[in-house]
Amino acid sequence: KVSGLAIKNIFFKKIPQSIIDLCYNKDFPIVLFDNSLYFEEIITEIDNIIQVSDWIKKIETKIELLYLNDLERGEVGLISKEMRISPLKYSVAFCLSPHIPLSSIDMTYIINSYNNHSYRDEKSFLYKYREFFLIILISNRDLKSEFEKSFFDILNLTGIKISNYTVGTSSIHNPVINLDFCIKEAIWSHKVAKILSEERKNYSD
């Protein structure tokens, strides 16, 4: 099996668009890099991406458990801890899907870039679930305006343009024992927004 392809530009100066399109559709990474770079640097970077991908898949299974099951509050609290969500008083979830679907590689890159960003807020979390981005915000203050500001801060840091997405927003809940309610409401609101062809829907609407 081949998991990716790295090519120095001493062999090819440009990758044909047909090859780029094929790789994109197959979620197959292909990299054309400058002769001044070493393979070791590329391998290290790819290894980091693989580790991030594994972590994202692990979190996706946790989100799946929260979304598809009616769990005991203690079980929800345990999953919340495994997702490294701090035990503050309040939380809101946002479910976003792009109008033009992104590949898993693109979504992983966006999440990795955000997690490594120097201005990342430790009370803001960006996850992937299926074809969605899931944003979870936590706070000790029950203020919608602050949650809204934090939401747009994440969009600005990641380069996500809200006009290109459909968004569902949950009500405010406790982030530890009621994290499943947050996630379910955000995804349900997103589904309603898609059905009604609206850009954004709040669960409380």
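**Helix packing and the sheet**

Colleague: Which residues of helix 2 meet which residues of helix 3?

Modeller: In this predicted model, Ile59, Lys62, Leu65 and Leu66 of helix 2 meet Val76, Ile79 and Glu82 of helix 3.

Colleague: At what angle do helix 2 and helix 3 pack?

Modeller: Helix 2, which covers residues 39-68, and helix 3, which covers residues 73-82, pack at an angle of about 160°, and their axes are 10 Å apart. Angles over 145 degrees count as roughly antiparallel, and therefore helix 2 and helix 3 are roughly antiparallel to each other.

Colleague: Is their crossing left-handed or right-handed?

Modeller: The crossing of helix 2 and helix 3 is left-handed.

Colleague: Switching to the sheet, in what order do the strands come?

Modeller: The sheet is open and is formed by five strands in the order 4-5-3-6-7, with mixed pairing. Strand 4 (124-129) and strand 7 (200-202) are the edge strands, each pairing on one side only.

Colleague: How many bridges join strand 3 to strand 6?

Modeller: Five bridges join strand 3, residues 90-98, to strand 6, and these two strands run antiparallel. Pro98 stands opposite Tyr165, which belongs to strand 6.

Colleague: Which strands does helix 2 lie across?

Modeller: Helix 2 lies across strand 4 and strand 5 (132-139), and runs at about 85° to strand 4.

Colleague: Where is confidence lowest, and where is it highest?

Modeller: Confidence is lowest in strand 1 (residues 5-8), with a mean of 81, and highest in strand 6 (residues 165-169), at 97, while the protein chain averages a pLDDT of 89.

Technical notes
Residues numbered from 1 in each chain as written. Predicted model: local features only at pLDDT ≥ 70, side-chain atom pairs only at ≥ 80, totals over all residues. Heavy atoms only, no water. pLDDT = per-residue confidence, 0-100. Helix = DSSP H or I, 4+ residues; strand = E, 2+ residues; numbered from the N terminus. Axes fitted to C-alpha atoms, helices over the stretch in contact; angles between N-to-C directions. Parallel < 35°, antiparallel > 145°, perpendicular 65-115°, else oblique. Left-handed = near helix turned anticlockwise from the far one by under 90°. Contact = heavy atoms within 4.5 Å. Pairing = 2+ DSSP bridges.
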